[in-house]
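Dear colleague,

I am passing on the structure that we talked about, and below it you will find my notes on what turned up when I went through it. Please read them with the model open beside you.

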Amino acid sequence: MATAALAATLACGEDPTEPTNYPPPSLFALDPAVVVVGSGEFTLKLRGADFVRASRVRWNGQDRPTTFVNDTLLEARIAAGDVDSTLAVQLTVYTAPPGGGVSGAVALAIVNPAATITGLAPTRVVAPADSFTLRVTGTGFVAGSSVRFGGFSLSARLEGPGELAAHVPAFFVQTPGFVEVRVANPPPGGGLSAPDTFAVEYP
């Protein structure tokens, strides 16, 4: 009967050795869906449907090293250089022919961290004072970080991974009192740090 079935297949013009077409992949979700800029190399999990061993993860259209786990899960190794800016990223899954194709895209958010202040230098001046450079140390600082001094935004220079330098004009330190200092990181992500206190003292 097997010989008869093969003969019937050939009579219909079909090649019994022709590979089965791969299904088109579908991408539903990323894990993690948000990463912090500059966080370094990591493994990204992609969840979807109809993945095969030939499926490849694409980062803005470029293939990334891909591990097939099962038909609903792929893992991709993402290099540190891929997350060194907050530019928009689109993830897709590509399965080569026969069949296959490219899935719909899912966005990965790369965001700025929240800043934390660990110290100020100087911590105080005597009123009335001249303008000076305030150095803020902490964590989570980025190139776009600014220093808020008593609610006023001061442009800041990133002098290292954990140090900002901001110019404080003299008119901010003419009257004794306490000044709230914060660091603001720009979006996406970012936001205001918890406050530290700077003292403007009596002579």
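Asn60 sits in the loop that joins β4 to β5 (62-64), and although Asn60 is not a glycine, its phi is positive, at about 50°. Please bear in mind throughout that this is a predicted model. With a relative accessible area of 41%, Asn60 counts as partly exposed, because that class covers values between 20% and 50%. Asp50, in the loop between β3 (42-49) and β4 (56-59), likewise has a positive phi without being a glycine, here near 65°, and its relative accessible area of 36% makes Asp50 partly exposed. As background, most residues other than glycine have a negative phi, and most peptide bonds are trans.

Two peptide bonds also deserve a look. The bond from Asp31 to Pro32 is cis, with omega near 0°, and Pro32 belongs to the loop between β1 (26-31) and β2 (34-36). The bond from Ala121 to Pro122 is cis as well, with omega near -5°, and Pro122 is found in the loop between β11 (116-121) and β12 (124-126).

A further proline, Pro187, is in the loop between β17 (177-185) and β18 (191-192) and is exposed, with 67% relative accessibility. Pro187 is 75 residues away from Asn112 in sequence, yet their C-alpha atoms are 6.5 Å apart in space.

Turning to the chain as a whole, it has one helix and 19 strands. Its radius of gyration is 28 Å, whereas the globule rule gives 17 Å for 203 residues, so the chain is more spread out than a compact globule. The C-alpha trace spans about 110 × 20 × 20 Å along its principal axes, and 34% of the 203 residues count as buried. Of the contacts with a separation of 6 or more, 60% are between residues 24 or more positions apart.

As for the aromatic side chains, there are five aromatic pairs. In one of them, Phe171 and Phe172, the ring centres are 4.6 Å apart and the planes stand at 70°, so this pair is edge-to-face.

Notes: Residues are numbered from 1 along each chain as its sequence is written. This is a predicted model: local features need pLDDT of at least 70, side-chain atom pairs count only at pLDDT 80 or more; totals for chains, interfaces and linings use all residues. Side-chain values use heavy atoms; hydrogens and water are left out. Helices (H or I, at least four residues) and strands (E, at least two) are DSSP runs, numbered from the N terminus. Buried means under 20% relative accessible area, exposed over 50%, partly exposed in between (1.4 Å probe, protein chains only). The radius of gyration is taken over C-alpha atoms; the globule rule is 2.2 Å times the number of residues to the power 0.38. Contact means heavy atoms within 4.5 Å. Rings of Phe, Tyr and Trp (its six-membered ring) pair if their centres lie within 6.5 Å; planes under 30 degrees apart count as stacked, over 60 as edge-to-face and the rest as tilted.
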